[in-house]
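User: I would like to learn how to read helix packing, chain contacts and confidence in a model of several chains. Could we take the features in turn, with the general idea ahead of each case?

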Amino acid sequence: MGILSQPVGAIAEWLRNLLLGWGLSPGLTTVLLYLIGAGVLATLVQTWVIFLIWYERKIIGRFQDRLGPNRVGPYGLLQPFADFIKIMTKEVIIPEGADKPIYILGPIVMDAGVLMLWAVIPLMPMVGMDINVAALYTIAVGAFATLGILMSGWASNNKFALVSAIRTVAQMISYEVPTVLALLVPVLLAGTMSLQGIVEAQHVWYIVAAPLAFLIYFISSVAEVGRTPFDLLEAESEIVAGFHIEYSGMVFAIFYVGDFLHAFTIGALAAVLFLGGWRGPGAEAFPLLGLLYLWIKAFAVYFLVVWARGSLPRVRIDQMMNFSWKFLTPLALVLLVLTAVLDYFVAGWGAWGQALSHLVMNLVVGWLVLRYLQAWEKARAARRPVVAQPGQYPVARPPRPAVAETSTEAAS
Amino acid sequence: MPTTTLLWLLPVFPLLAFVLIVLFTNRNKALSHTLAVGAAFLSWLGAMVIFVRALKIGPEALAEHPIHSWVNWLPTGDGYLKIGVMVDPLTAAVLFFVAWTIFMIFLYSVGYHNFGYPEGDHDQKGLPPHGATVVDAHGHKHRVPSIEPMYSRFFAYIGLFAAGMYLLAISDNLLTLFVGWEIMGLCSYLLIGFWFAKPSARAAGIKAFMTTRVGDVFMLLGIAYLYTATGTLSFPDIFKPETLHALASTPSHVLGLSAAGLIGVLLFIGTVGKSAQWPLHVWLPDAMEGPTPVSAMIHAATMVSAGVYMVIRMFPLLKAGSMNGAFFSPLAVMGFIGGFTALFAATIAVAQNDIKRVLAYSTISQLGYMVAALGAGSYIAATFHLITHAFFKALLFLGSGSVIHGMEHGVLHTGNHEVDPQDMFNMGGLAKKMPITFWTFLIGGFALSGFPVLTAGFWSKDEILSSSFFGGHPVIFWTLALAAFLTAFYTMRQITLTFLGQPRTPEAEHAHETPWTMTVPLMVLAFFALTAGWVGIPEHFPLLGGLLPNWFHHWVGATYEGLLEEMGWLEHLAEGSLVPLYTSLTVALGGLFFGWLVYKDVRSPDPAQDPLKKALGPVHTLLQNKYYFDELYGLIFIRPAYWLAEVFTFRWVDRGVIDGILHAIARVVFDLGKILAYGFDLPIISGAGDLIGNIVRTFGRAFRVVQTGRVQDYMVAAMTSVVAFGALVYYLLVFAH
Amino acid sequence: MIPLDWYLILAAALFALGLFGVLARKNAVAILMGVELMLNAVNINLLAFWRYRAPDQPVGMAFAVIVFAVAAAEVAVGLALFIAVYRRFNSVAADEINLLKW
Amino acid sequence: MTAMQIVFLLTAVVALFSAFRVVTTPNMVHAALWLIVTLSSVAVLYVLLSASFFAVVQIVVYVGAIAILMMFVVMLTRREMRDRGPQLGKQWPWAAVLAVLAFGGLTWLVRSAALPASPVGEVPATSVADLGAALVNPGGFVIPFEIASVLLLAALIGAVYVAWTRRNS
């Protein structure tokens, strides 16, 4: 048992022996070890957020043709530290009439929800709590983030915050459905709900076998996180900053961290589910390599999230709802059923055979969906409501080109 | 088409026409009369075909094996009541004249009802048309006849009538015969009362119906008796020797008659009603109220003949009934009634001034002839006279109708509606105005009065006279001879008054000939009135005898010859004496001469100037009033009937007794009800009901607080009971044992 | 190892609390919460018996699944009803909704 | 006193206390939050019963959907932020008595029954798979399963219909 082959295992072994040596009972030791592991992991990922903030600000800056943070430290790397010191020195203001315990609990619950996700993410071979319903677990604990936002939004005793909370609930609950459905596709392909198992089953990345599922999962996860273009819960232009309008100082910092970390976690999950997790050359031999691979993939997906934030405007709430219930959910259902049937038929074609057949199916479905969308767009343009001038009959507006159509749709 | 099928179809065509007209086409006059006449034509064609086929078969064979077809109709206790159609020589002969006359009338009616003339100015349904005013090209107004308002209805009625007549003629049993009989009764009622807005027409219709009813009831009794006695109504079964023997030998305990005798008498009473024999003759003259073609010819040529046809058909039965020589034996009764009616009606006819009434009474007397001939036992002569009479009487009536029509033209022209176009004293000199009518009427009249050799009437009448003479019935013979003389007399009187001399009124001046639809039937019938007799010239007749075979005697005689011979009732008359011949010659020519002599120079339209009136005085009045028979009946039957209905039944029995009883019962029940209502129902029953209601309401008021409408209270109650029951069950399960 | 009756008694206590909530709370949503508590107690019982009596047969789990489904349906309809009721009465207090009072 | 028993007792205390708060707290939002706590602890109990699948489902269905929906409705069905007046109806003593009686009876039943102190066997690794197979197995629970799904569909439609805002009215 070497530090290189099983780093975490080795460290845990050493700790166990140490504690037993102190004369603690084995059961207590187990509990203590669990606690220690959880604490270490939580601390690490939360600290990691500091780098994420710098990364995102840099990329957004590039998108907006700026340099981004570049004064404090090399490439502004130390800028987030400065911000954190500043924000921690600020006072925690609890507004009049706020529900204090819940007001405080809100960000904590949200952050906890995000951190709980990390419990099941397989960082490297033989690491990560390998429960056999991990995939479902990710969805379950996602609910806690929602809960936290809801709590804080309600407890702030502020109308904007409450509206934001309500929006959050609507958005989360409606986007959980396509998330689960899309999530079931890799589960189906791998034949297990344990993330570790899914990773091990990905001799071919599932993004090859199920690109549509990846797309759906990505979009709905972004919506669950509440990032642009689905950031209706903190739409500055409508409900000034939404649920954390009243927060300041430390508690706001927790929100901030939770938000970024959640986004990155989504990336990590997507990487685990569709991009082969820690898989990579030599990962079995040197698990730390697997951790590196996972990190790279997670950053790739996270880059997509940031990219969307940097380039896409915010959608209207009814558009968001329609998009989930009238497009994503049916599509995900169809995809799930087709995948199941196809998987039954192509069983035993070898990894690549299965993957390519699924890919073909996905492409066909995608093409059909696109055609359908075009037809639907045309029809909608035709029956666009017309404003009747007083004293004259309404006259149908000439249909405008589709591109202009969509752009105005998104902007309005 | 097989003959039997054709036979079945005969009544169907007119019936169909009736239905179609009544239901569908009665708006369209042309279509309606086309339907009716077409149906009549079809039936006529069928009848002719059947007649010819029957001729081909020949009398004996036809008598042995009649054309016969029947169906099981009414299931009775054992077996069925069969109804069917049959053609034997008698039927064939009857069918012949029925078909011709009916077809002729249908044709005649078209013209009589002024088809093709405009609607009347103020005609209304139920009244004869009063004429219309038309404006011609020069703006001159003309009064022209107007079309009958109920034209289609008329044709529907006579269609139904024709159906009834055909049915009666071809039916092979008494039942369907009776059905046809009654159909015709109904039609005569409808047609006599056709102009129902005229009170006289209404009264006449009712009178005819009632009077014939009397006869029909007796006839129905006879039929019923026959059925009970023999178990069958179909002629072939009845006219079996054994059946006749059985009937003849069974006593009926009525007037010493045998069963056959009683049946015969009853059936004959039906004939008395139908054929208007004394004492039920009163309806026939009044039947002249109807439109001429119908009332006249139906009640002269066909329908009244039906009665005679029936008795002829039943002749063997009557004969059987007369075998035991009872005083009231059918033949004796018929001989008396017939002879008396012949003479009696003739005497009345002498004093009548209405052209149609004269003919009506002559009809009665001629029917009396036939009945008397039957009474004398020669059904052949009766049949012969039936047929010839049908032809010439139809001719006469249609002729009179034509005359009246012409007179109405005159009336329309002068516009003087006071003048009765039917009174012979208003006519005169019409021979020049309406030649065809005149000549045909002359032929008919001569036939009626038995003008020797040429006319059919002569032969048939001679047959009757000789048969009654040689048959050993001198009384009948002389009675009929006298009647024959009177017949000739009033016939000539009629002809003279109507056609000869000068017109006595301006209306007569302006009368003119009628359209072809009326004259053509006249000519056709005239032809038959001349020739129909030549088929029955007796062999023993001097000079002519034997030139032609006595075909008719042979033909009709074959019907029952075999049967009578078997029964031994066939008497061969020793014919040699020329007395009957001379008698008939004398009475005919004499009557005609006297008639012309007396009436040749009547100038005034006043009936009081009737020379016969001067001669006879009060007797004439008596005759003119028909021996006051109507008044007599009014006194004997009608007034008592009214009294019975009005005073006795209505006022005493109904109002007094029945209503009294009912009112008494009602009073009692009402009081009882009051007592029960206030003594029992209100206090006890509804009291108890209210009590229950109150109790329930009280409890409801008390307990309604339970229903708080709050879910949780209910849940509390439910859980309480759950806990309680759980405890109970647990107690039972654990501590009970 | 945990004895079975611990689970059962815990479930009984949860059930009783839920029952109290159902019977006593004014707010209709709270009543619904009580119902949820009772359902959870039932589920604990089912799974506990499954675990201790027949862990190799999916019977108990199947029942639990059915209970989950029923609970979801009940909550959906119930909350929708409360929203409708709120529109009508401007309140969801169970003791103010007594249209069926005598 | 093994670690599992400790965990169980802690969880039980949390569950009962939070449940008590659920039915007593005057603040409806707090009640909903306490309900979430209860449900989560029940999930922990499921884990202890080595039914991790049901634990996760409990979280997803109850915490993720039902409880949040309840908070949602609580927020929608109030005129002002705070609840005023007593949150217990007049009949609450009755309710308390009944609850106590029910608890007592049930406990008595449990105590008076002979129950195993430890499971008869281990849970097979494929229990979730077995469950899935049994739910769609014609010889198993396919009919209750289908009925449940139809019930869910009906509930969905019914909820939409009942809560629908009729614009014209």
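**Reading the model feature by feature**

Analyst: We can begin with handedness: a crossing is left-handed if the near helix is turned anticlockwise from the far one by less than a right angle, and right-handed if clockwise. Here α6(A) passes α12(A) in a left-handed crossing, where helices (H or I, at least four residues) and strands (E, at least two) are DSSP runs numbered from the N terminus. This is a predicted model, in which local features need pLDDT of at least 70 and side-chain atom pairs count only at pLDDT 80 or more, while totals for chains, interfaces and linings use all residues. Residues are numbered from 1 along each chain as its sequence is written, and chains are lettered from A and ligands numbered from 1 in the order in which they are written.

User: At what angle do α6 and α12 of chain A pack, and how far apart are their axes?

Analyst: Axes are lines fitted to C-alpha atoms, for helices over the stretch in contact, and angles run from 0 to 180 degrees between N-to-C directions. Helix α6 (residues 159–190) of chain A packs against helix α12 (residues 317–346) of chain A at about 15°, with the axes 9 Å apart. The pair is therefore roughly parallel, a label for angles under 35 degrees, with over 145 counted as roughly antiparallel, 65 to 115 as roughly perpendicular and the rest as oblique. Their contact is made of 19 nonpolar, five polar and two charged residues, where Ala, Val, Leu, Ile, Met, Phe, Trp, Tyr, Cys and Pro count as nonpolar, Asp, Glu, Lys and Arg as charged, and the others, Gly among them, as polar.

User: Which residues of α15(B) and α19(B) meet?

Analyst: Two residues are in contact if their C-beta atoms, placed from the backbone, lie within 7 Å. B:Tyr369, B:Ala372 and B:Ala373 of α15(B) meet B:Ile464, B:Ser467 and B:Ser468 of α19(B), and by class this contact has four nonpolar, two polar and no charged residues. The axes of α15 (residues 355–375) and α19 (residues 456–470) of chain B come within 9 Å and cross at roughly 35°, in a left-handed crossing.

User: How many bridges join β1(B) to β2(B)?

Analyst: Two strands pair if DSSP finds at least two bridges between them. Strand β1 (residues 67–75) of chain B runs antiparallel to strand β2 (residues 80–87) of chain B, and eight bridges join them. The two form a hairpin with four residues between them, and B:Gly79 in the turn has a positive phi of about 85°; B:Pro75 stands opposite B:Tyr80 in β2(B).

User: How many residues of chain D are in contact with chain C, and which element of chain D gives the most?

Analyst: In this interface, 74 residues of chain D are in contact with 63 residues of chain C. On the side of chain D, α4(D) gives the most, with 12 residues, and the classes there are 59 nonpolar, 12 polar and three charged. The contact of chain A with chain D takes 23 residues from chain A and 19 residues from chain D, and on the side of chain A the largest share, 10 residues, comes from α5(A).

User: Where in chain A is confidence lowest, and where is it highest?

Analyst: pLDDT is the predictor's confidence in each residue, from 0 to 100. In chain A the lowest confidence is in helix α14 (residues 402–411), at a mean of 46, and the highest in helix α9 (residues 211–225), at 89. Chain A averages 80, with 89% of its residues scoring at least 70, while chain D has a mean of 83. The model scores ipTM 0.72 and pTM 0.53.
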